[in-house]
Amino acid sequence: QVTLVESGGGLVQAGDSLRLSCAASGRTFSKYTMGWFRQAPGKEREFVVVISSSGVAAYTDYADFVKGRFTISRDNAENTMYLQMNSLKPEDTAVYSCAASPYYSQDYYQNSRPNSYHYWGQGTQVTVAS
C-alpha cells in the first residue's frame with residue numbers, strides 16, 4: 001500500500017515556474033514507477049511524464065506538450081518525486097496528480113495509461129494566468 005500526497009500547486013503568471021512534490025508513504029517507494037497526470041476542467045485525464053523505479057535502467061518519458069519545459073526527478077531517500085515546471089502556459093492549468101505503478105516498462109503507451117497505475121494522490125491545482 002502506498003499513500004501519495006501532492007503539494008506545490010498554485011496560481012502563477014504565464015512564463016513562471018512551479019515545482020510540484022509528491023510525497024509517498026511506505027518503505028518501497030524506490031520500487032515504484034512514478035507518473036504525473038493532469039486533468040483540466042471538462043477534459044479527460046492526460047499523461048504528463050513518467051520516471052522508472054530504481055535498480056533498473058533509468059527511464060523517463062514526457063508528453064510532447066511538456067518536453068523541454070518540465071523535468072521529473074525523484075529522491076528515494078526522501079520518498080519524494082518532483083515535477084519542475086518552467087515556462088508555464090495557460091493551457092497547463094489543471095489538477096496535477098501523481099501515481100505509482102509496481103510495473104517497469106519503457107513502453108510509452110503502457111506508461112501513459114492511467115490504468116497502469118495502482119495508487120493515486122488527491123491532486124494539486126495549478127492555475128496559469130495569461
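A nonpolar core is a set of buried Ala, Val, Leu, Ile, Met, Phe, Trp, Tyr and Cys residues joined through side-chain atoms within 4.5 Å. I note that this is a predicted model.

**Entry: the core**

I looked up the largest nonpolar core and found that it has 37 residues. Those with the most contacts inside it are Leu4, Met34, Trp36, Met81, Leu83, Met85 and Tyr96. I then listed the elements that give two or more residues to this core: β3 (18-24), β4, β5, β7 (70-75), β8 (80-85), β9 and β11 (124-129). For tyrosine 96, I left aside neighbours within four places in sequence; its contacts include Trp36, Leu83 and Met85.

**Entry: strand β5**

I checked strand β5 (residues 46-51) next. Five of its six residues are buried, so the strand is largely enclosed by the rest of the structure. Strand β4 (residues 33-39) runs antiparallel to β5, and five bridges join the two. I traced one of these pairings and found glycine 35 with valine 50 as its bridge partner. The hairpin of β4 and β5 has six residues between the strands, and there glycine 42 takes a positive phi near 75 degrees. I also found β5 paired with strand β6 (residues 60-62), again in the antiparallel sense, over three bridges. Here isoleucine 51 stands opposite threonine 60.

**Entry: aromatic rings**

I found six aromatic pairs in the structure. The ring centres of phenylalanine 37 and tryptophan 120 are 5.0 Å apart and the planes are at 55 degrees, so I logged the pair as tilted. Phenylalanine 37 is in strand β4 and tryptophan 120 in strand β10 (residues 119-120), 83 residues apart. Phenylalanine 37 is buried, at 1% relative accessible area, whereas tryptophan 120 is partly exposed at 25%. The pair of phenylalanine 47 and tyrosine 108 is edge-to-face, with 5.3 Å centre to centre and 85 degrees between the planes. Phenylalanine 47 belongs to β5 and tyrosine 108 to helix α1 (residues 108-112), so this pair ties together parts 61 residues apart in sequence. I noted that Phe37, Phe47, Tyr108, Tyr117 and Trp120 form one aromatic cluster. The charged end of arginine 45 sits over the ring of tryptophan 120, 4.0 Å from its centre.

**Entry: serine 101**

I finished with serine 101, which is found in strand β9 (residues 94-101). Is serine 101 buried or exposed? Its relative accessible area is 4%, so serine 101 is buried. What does its side chain reach at 2.9 Å? I found the backbone oxygen of serine 116 there.

How values were computed
Residues numbered from 1 in each chain as written. Predicted model: local features only at pLDDT ≥ 70, side-chain atom pairs only at ≥ 80, totals over all residues. Heavy atoms only, no water. Buried < 20%, exposed > 50% of the residue type's maximum accessible area, 1.4 Å probe, protein only. Helix = DSSP H or I, 4+ residues; strand = E, 2+ residues; numbered from the N terminus. Pairing = 2+ DSSP bridges. Polar contact = N/O pair within 3.5 Å; in protein donor to acceptor, adjacent residues only side chain to side chain. Contact = heavy atoms within 4.5 Å. Phe/Tyr/Trp six-rings, centres within 6.5 Å; stacked < 30°, edge-to-face > 60°. Lys NZ or Arg CZ within 6 Å of the ring centre and 35° of its normal.
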